[in-house]
Amino acid sequence: VDRVHGMIAEYLGDFLLIKTGLDFDDIPKLDQLKNYLGDKDLREGLLEVVKESCLHYYQEQQKENPEREPETIIREYFENLRRQVAQLKQVAIGDIVDRAEAYYVSLFEEERKPNAVVEKLREGRAFPDINQRINIKETSEKKKILIGDEMGLGKSASAILSKEYLGVKCALLVVPSNVIPTWQRYLSDEVGEDGKQLGY
């Protein structure tokens with residue numbers, strides 16, 4: 001596992017694995033980092049922790065109330081985080097919070113959706129949703145990404161959307177043979193009986 005970890009890390013760049021993000025109860029512990037915040041890698045790692053924590057918070061809030069606007073949940077998270085971080089009086093941590101918030105704000109800035117992309121997948125599900133927006137942003141900024149999301153979070157849509165948003169003319173899909181019909185449907189221009197496009 002460590003060898004594979006190292007190989008993936010070498011390809012994708014430095015990363016920090018976290019399972020549930022930063023708990024607000026852990027904020028006071030960040031004060032112990034004050035002597036080390038001059039280290040760029042630590043700051044970048046902490047930025048990733050805050051970003052992941054925000055996503056975790058968002059997903060929990062969405063489960064409780066699916067009708068809430070994503071931007072409202074994100075804003076609420078950063079307001080809570082700022083209140084906690086303000087007690088530390090650490091400028092470097094405040095800067096990291098600012099960067100993480102700017103990252104999430106940029107996900108929802110008005111972008112021109114490519115013509116080939118449908119407006120929504122189904123009623124009540126934003127398209128692209130936050131997971132897909134993150135994947136598009138990461139692909140666009142880093143030019144390489146490994147999408148390892150759980151089932152149902154839109155990995156296929158993320159790959160298709162990234163291709164469309166980046167203006168890539170041709171892409172090679174390597175998929176198991178049993179999902180080829182699914183991908184053909186995803187990429188289809190066909191219209192179903194309800195008059196809606198079948199593909200993304």
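Contact here means heavy atoms within 4.5 Å. Keep that in mind as we walk through this structure, which is a predicted model.

Let's start with Ile130. Leaving out residues up to four places away in sequence, Ile130 touches Leu55, Tyr58, Ile74, Tyr104, Leu107 and Phe108. A second, separate core of five residues has Val117, Phe127, Ala157 and Leu161 among its members.

Back to Ile130 and its surroundings. The largest nonpolar core has 26 residues, and Ile130 is one of the four that touch the most other members, along with Ile74, Phe78 and Tyr104. Helices α2 (40–64), α3 (70–86), α4 (91–107) and α5 each put at least two residues into this core. The largest share comes from α2, which supplies eight residues. As background, nonpolar side chains in soluble globular proteins tend to be buried together.

Now for a pair of those helices. Packed helices are described by the angle between their axes and the distance between the axes. For α4 and α5, the angle is about 105 degrees and the axes are 10 Å apart. Angles from 65 to 115 degrees count as roughly perpendicular, so that is how α4 and α5 sit relative to each other. On the α4 side, the residues that meet α5 are Tyr103, Tyr104, Ser106 and Leu107. Their partners in α5 are Ile130, Arg133, Ile134, Lys137 and Glu138.

What about their exposure? Glu138 has a relative accessible area of 9%, so it is buried, while Lys142, at 42%, is partly exposed. The pair also belongs to a network of salt bridges that links Glu48, Lys51, Glu138 and Lys142.

How many salt bridges turn up in a search of the whole structure? The search finds nine. One of them joins the side chains of Arg68 and Glu76, at 2.9 Å from N to O. Glu76 is partly exposed, with a relative accessible area of 25%. In another, the side chains of Lys163 and Glu164 meet at 3.4 Å, N to O. Lys163 is partly exposed at 22% relative accessible area, and Glu164 is partly exposed at 25%.

If you're thinking about cysteines, here is how they look. A disulfide is a covalent bond between the sulfur atoms of two cysteines. Searching the whole structure turns up zero disulfides. Is Cys54 buried or exposed? Buried means under 20% relative accessible area, and Cys54 comes in at 1%, so it counts as buried. Cys170 has 67% relative accessibility; exposed means over 50%, so Cys170 counts as exposed.

One last stop takes us back to α4, the helix where Val91 is found. Val91 has a relative accessible area of 64%, so this residue is exposed. Where does Lys34 lie relative to Val91? Along the chain the two are 57 residues apart, and their C-alpha atoms are separated by 9.6 Å.

Key:
Residues are numbered from 1 along each chain as its sequence is written. This is a predicted model: local features need pLDDT of at least 70, side-chain atom pairs count only at pLDDT 80 or more; totals for chains, interfaces and linings use all residues. Side-chain values use heavy atoms; hydrogens and water are left out. A disulfide is a pair of cysteine sulfur atoms within 2.5 Å. Buried means under 20% relative accessible area, exposed over 50%, partly exposed in between (1.4 Å probe, protein chains only). A salt bridge is a side-chain nitrogen of Lys or Arg within 4 Å of a carboxyl oxygen of Asp or Glu. A nonpolar core is a set of buried Ala, Val, Leu, Ile, Met, Phe, Trp, Tyr and Cys residues joined through side-chain atoms within 4.5 Å. Helices (H or I, at least four residues) and strands (E, at least two) are DSSP runs, numbered from the N terminus. Axes are lines fitted to C-alpha atoms, for helices over the stretch in contact, and angles run from 0 to 180 degrees between N-to-C directions. Angles under 35 degrees count as roughly parallel, over 145 as roughly antiparallel, 65 to 115 as roughly perpendicular and the rest as oblique.
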